[in-house]
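Look over the chain before reading on.

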Amino acid sequence: MEPERSRCGWATSAPEYVAYHDEEWGRQLRGDDALFERLCLEAFQSGLSWITILRKRPAFRAAFAGFAIDAVAEFTAEDEERLMADAGIVRNRAKVRAAIGNARAAQRLPEGLSELLWSFAPTGPQPRPATLADVPATSPESVAMARGLKRRGFVFVGPTTAYALMQATGMVDDHVAGCFRAQPEGTHPGAE
């Protein structure tokens, strides 16, 4: 960890948070399987601390076939029971079923998951949050994303989960003012 770097306040309490903040959070991410992983992990995080999910991410990747949409869509009732017995992941039956069902919903998207999700990203400059208190939990775009996903058969994707996905994958830049990762004012996150 480089203490001289100024980071978002949430990113300094654990080494996993520092690495995630510095190397992943807020960076543009595209690709159907890559975004499917993030969508699933954000859903599993609901009601839990993100550090729990970060620490379990390698086990999640192993349990969910690397979050390959086509592989997860083929999971059976036996796979569901295997996942429910896997102490390395969050064992919540509704969330496990959601991941499998969401893979099937993603397969049905003619444009692909990445293109659909990025279609909800805000365009143009966004205001930079001055402090963590200024970071919203939802946005009009995340509300629209959640509705759009639900219309297409996705579950466990409410506006807060959708906004967390947008933050994590660089659709919005919520690094606070003064954070070394904050992009220059007026720069759109998708321009990376």
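Is Glu16 buried, partly exposed or exposed? Glu16 is partly exposed, with a relative accessible area of 32%. Buried means under 20% relative accessible area, exposed means over 50%, and partly exposed lies in between (1.4 Å probe, protein chains only).

This is a predicted model: local features need pLDDT of at least 70, side-chain atom pairs count only at pLDDT 80 or more, and totals for chains, interfaces and linings use all residues. Residues are numbered from 1 along each chain as its sequence is written, and side-chain values use heavy atoms, with hydrogens and water left out.

**Salt bridges**

- Side chains of opposite charge can pair when their charged atoms come close.
- A salt bridge here is a side-chain nitrogen of Lys or Arg within 4 Å of a carboxyl oxygen of Asp or Glu.
- The count by this rule is 10 salt bridges.
- Glu16 pairs with Arg55 in a salt bridge, and their closest N and O atoms are 3.1 Å apart.
- Glu16 sits in helix H1 (residues 15-23) and Arg55 in helix H3 (residues 50-63), so this pair ties together parts that are 39 residues apart in sequence.
- Helices (H or I, at least four residues) are DSSP runs, numbered from the N terminus.
- Arg38 forms a salt bridge with Glu24, with the closest N and O atoms 2.7 Å apart.
- Arg38 belongs to helix H2 (residues 32-45), while Glu24 is in the loop between H1 and H2, 14 residues apart.
- Arg38 is buried, at a relative accessible area of 9%.
- Arg128 and Asp173 form a salt bridge, their closest N and O atoms being 2.9 Å apart.
- Arg128 lies in the loop between helix H7 (113-118) and helix H8 (140-151), and Asp173 in the segment after helix H9 (159-168), so the pair ties together parts that are 45 residues apart in sequence.
- Both Arg128 and Asp173 are buried.

**Helix H1**

- Tyr17, Val18, Tyr20, His21 and Asp22 are buried in H1.
- H1's buried residues pack against H2, H3 and H9 (contact means heavy atoms within 4.5 Å).

**Phe180**

- Phe180 is found in the segment after H9.
- Phe180 is partly exposed, with a relative accessible area of 31%.
- Not counting residues up to four places away in sequence, Phe180 touches Arg5, Ser6, Arg7, His21 and Asp22.
- From Phe180 to Ile89 is 91 residues in sequence and 32 Å in space, C-alpha to C-alpha.

Note on methods
Helix = DSSP H or I, 4+ residues; strand = E, 2+ residues; numbered from the N terminus.
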